[in-house]
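Please look over the structure below with attention to its charged pairs, its aromatic pairs and its surface. The briefing that follows takes up these topics in turn.

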Amino acid sequence: MKLRIAILVFSALALISISRAHAQTANLSHAPALVVSPTGPFTTIQSALDAARPGDHIRVERGVYAGPIIVTKSVTLEGENFPVIDNGGDGTVVTLDAPGAILRGFELRGSGVEPDRDHSGIAVNASRVIVENNRLREVLFGIFVAKASDVIVRGNDISSKSEYDTGRQGDAIRLWYSPRAVVENNYVHHARDLIAWYASDVIIRNNRVEHSRYGVHLMYCDHAVIEHNRIFDNSVGIYTMYSNDILLRENFIRGTRGPSGYALGFKDADNVRATNNVLVDNRGGFFLDNTPVTPQGEGLFRDNILAFNDVGAILMPAVRGANFEHNTFWENVEQVAIQGSGKLVGNHWNENFWSDYAGYDANGDGQGDLAYRSDRFFEGMADRIPTLRALIYSPVAQAIEFAGSAFPIVKPQPKMSDPKPAMQAAPIPGFALPTRDGAGAMTGAAIALLLFGIVSGAFSVIASKAKQSPTETRRVFGNPSGLSASVRVENFSKQYGKVRAIENVSFDARPGEALALWGANGAGKTTLLKAILGLIDYRGKILVADFDAARAGKQARANIGYVPQEATFYDLNVQATLEFYARLKKADPARVPVLLERVGLAEHARKPVPALSGGLKQRLALAVALLSDPPILLLDEPTANLDTRARRDYLALLSALHHEGKTLIFASHRIEEVETLADRVLMIEAAQLAEIITPEELRARLATEIEMTLWVDDAQRVAARDCLANAGFDPRVNGRGTVIVRVRAEQKMRAFDLLNECGVTIKNFEIEN
């Protein structure tokens, strides 16, 4: 009830703010007009301000005018055709110190660069100021509102200093101790944050924020409304900290891919309501840390769409009292995750739709008859239909049902349970679905992965060996199972409700061939793997070793071994784990020691599985998949969670299996995986198979220019710049001890080598697209 009352108050405040703005505009439109132009009557803005009286309207015609401008009277300063105010790279361009002043229609350029002096395009230090329809370019901070109440920031186009990286840039909009501000209809890009600190009753709506750090960042901001914003391709979407009574509704957040990458993050926030937001293709949809804060506080997450994210919802173990209702969790790689050790208790999950729910609705009431459970396994969902087909293809899925009933001491640990999952997803808006043009996030991530090219020499050796005489190698080893290893997909389509997941895909995987599935999150890669495995129904035909996957699923799956992205096992030792799965699969127990030796786990046979590194756990998952010696291996992001050395070793193992005639089909975002293993690459875009190319062609497409930021000693910066310039590069230095140079991706090692030859020591570096 308190939150509903607060929302009504917010709405009333918004109407008051709008009415006040209209009244100010109407009253001032009749004030005497003072004209500033290059030919007069006033030729400088400051001279017109000196002559103006409170309430006057100053009209500035097109031209370039010098700053700084300091407004100390309640006037309207309005530009026609965006006249430019340029401060020449020093200080703040325009300062508004008069209550009720209005600034609109200008382009502001050239602030200073000192963050500790708050050098800005526009500084607002008085109440009831309106800043609207301005363009800000090459300014450190954009619009800095400090200790000023009832300010309106509307319709501005703001970017920061292009010479700096995001962390060194200033905030596009900063509210500091400025209550009841309205920030609306602004376009923020290539700046740091849109941030509010110690600002109560703010309204932030209808803004577009992209290519920045935080889309919106709240700290100590009570009674805030954040609505109808579009936040694309930033490090973080909307992050709320130490705030109370927050309403977030109908925001669209896509492509948050920073180190945390949360679309909606909450830390120590109380009485939070997040409704009708669309969160697509982020590292994490929701992130909750100590939210709600108090036992009587509210944390309501209702009617949101979380689609194609790496993780749908990430919760810290201490979170209590959060309510998740009527949300759609659609094709997230992992639906719910616990960050840190512990269990989730005291939260409520009610009538959410889960795209990987394997239950049924016998009475047609729109709710699943079995609870949805998220366990400590990657895609470890219980499939309780009589055929138990999930127990056949996947070691993780096999264990959930079988071990839970037959071996209670090792049954899976649930993270959460939704007792009445919804059977119908909310309609996913068309603008939120992946498109051919919308695969940029994946491409950017792939380019970022070229950082691993520092060790590409090792991968190149593996890849070159993998490509040597594959026909001859396979002729020697043959097909161990004696079965056809081909996979044929004809006119495969899958639709969830009205949403098209993938359509009209056709291809053949020839015996002994390795195919990579390459595409953005949500492109349809996982859907295709699920169909081959028999998890979902579909239109079209899939043949596995000449068996129809839909009509002869048991025979088809007998030819498949599946390795998930993240395998989680029980607290047994390595050998006991493999023996357990051998009994489950009815495989020859004599294969256990052979496989332990083959995958490099023989010396770890008596070691508890939890004590293994990520790389060794992935080897164990591969051994489980190989127990029945299947001719086909399906792998989902095979090295996603491995460090560089473990990745190299694991790829070498998969490459050897490929040489021996195994057919590999794997989803990947890593160019080194593709170059090491793949014979062909299936490019899946906008739910369709766009084309089939070679790994070499994929590398060429990804080898665009990158920007390298190199940290060197101050005494060596000039030498580093000259060294690179003499080699034909175009480097520049900036104010934070770095040298920046753009190179083609394949040339980055040459830049390192050149600086080493010139005696320049690189202390650190960053690589960006």
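Arg205 forms a salt bridge with Glu184, and their closest N and O atoms are 2.8 Å apart; a salt bridge here is a side-chain nitrogen of Lys or Arg within 4 Å of a carboxyl oxygen of Asp or Glu. Arg205 lies in strand E20 (residues 203-205) and Glu184 in strand E17, so the pair ties together parts that are 21 residues apart in sequence; strands (E, at least two residues) and helices (H or I, at least four) are DSSP runs, numbered from the N terminus. The model is a predicted one, in which local features need pLDDT of at least 70 and side-chain atom pairs count only at pLDDT 80 or more, while totals for chains, interfaces and linings use all residues. Residues are numbered from 1 along each chain as its sequence is written, and side-chain values use heavy atoms, with hydrogens and water left out.

**Salt bridges**

- Both Arg205 and Glu184 are buried, where buried means under 20% relative accessible area, exposed over 50%, and partly exposed in between (1.4 Å probe, protein chains only).
- Glu78, Arg104, Glu132, Arg154, Glu184 and Arg205 are linked in a network of salt bridges.
- Within this network, Glu132 forms a salt bridge with Arg104, the closest N and O atoms being 2.7 Å apart. Because Glu132 lies in strand E11 (residues 130-132) and Arg104 in strand E8 (residues 102-104), the pair ties together parts that are 28 residues apart in sequence.
- Glu132 counts as buried at 7% relative accessibility, and Arg104 counts as buried at 11%.
- Lys267 and Asp268 also meet through their side chains in a salt bridge (3.5 Å, N to O), but Lys267 counts as partly exposed at 23% relative accessibility, as does Asp268 at 21%.
- A search of the whole structure finds 35 salt bridges.

**Aromatic pairs**

- The structure holds 23 aromatic pairs, counted where rings of Phe, Tyr and Trp (its six-membered ring) have centres within 6.5 Å; planes under 30 degrees apart count as stacked, over 60 as edge-to-face and the rest as tilted.
- Tyr214 and Tyr239 form an edge-to-face pair, at 6.2 Å centre to centre with 80° between the planes. The pair links distant parts of the chain, with Tyr214 in strand E22 (residues 214-219) and Tyr239 in strand E25 (residues 236-241), 25 residues apart; both Tyr214 and Tyr239 are buried.
- Phe232 and Phe252 are likewise an edge-to-face pair, at 5.1 Å centre to centre with 75° between the planes. Phe232 in strand E24 (residues 230-232) and Phe252 in strand E27 (residues 252-254) are 20 residues apart, and their pair links distant parts of the chain.
- Phe232 is buried, with a relative accessible area of 3%, and Phe252 counts as buried at 4% relative accessibility.

**Helix H12**

- Ten of the twelve residues of H12 are buried, so this helix is largely enclosed by the rest of the structure; among them are Gly615, Arg619 and Val624.

**Surface and overall make-up**

- Tyr177, Tyr198 and Tyr220 form a nonpolar patch on the surface, with about 290 Å² of accessible area together. Patches are made of residues with over 30% relative accessible area and no salt bridge, like charges being joined within 9 Å and nonpolar side chains (Val, Leu, Ile, Met, Phe, Trp, Tyr) within 5 Å; accessible areas come from the Shrake-Rupley method with a 1.4 Å probe, and for residues only the protein chains shown count as cover.
- The protein has 17 helices and 55 strands, and buried residues make up 57% of its 769 residues.
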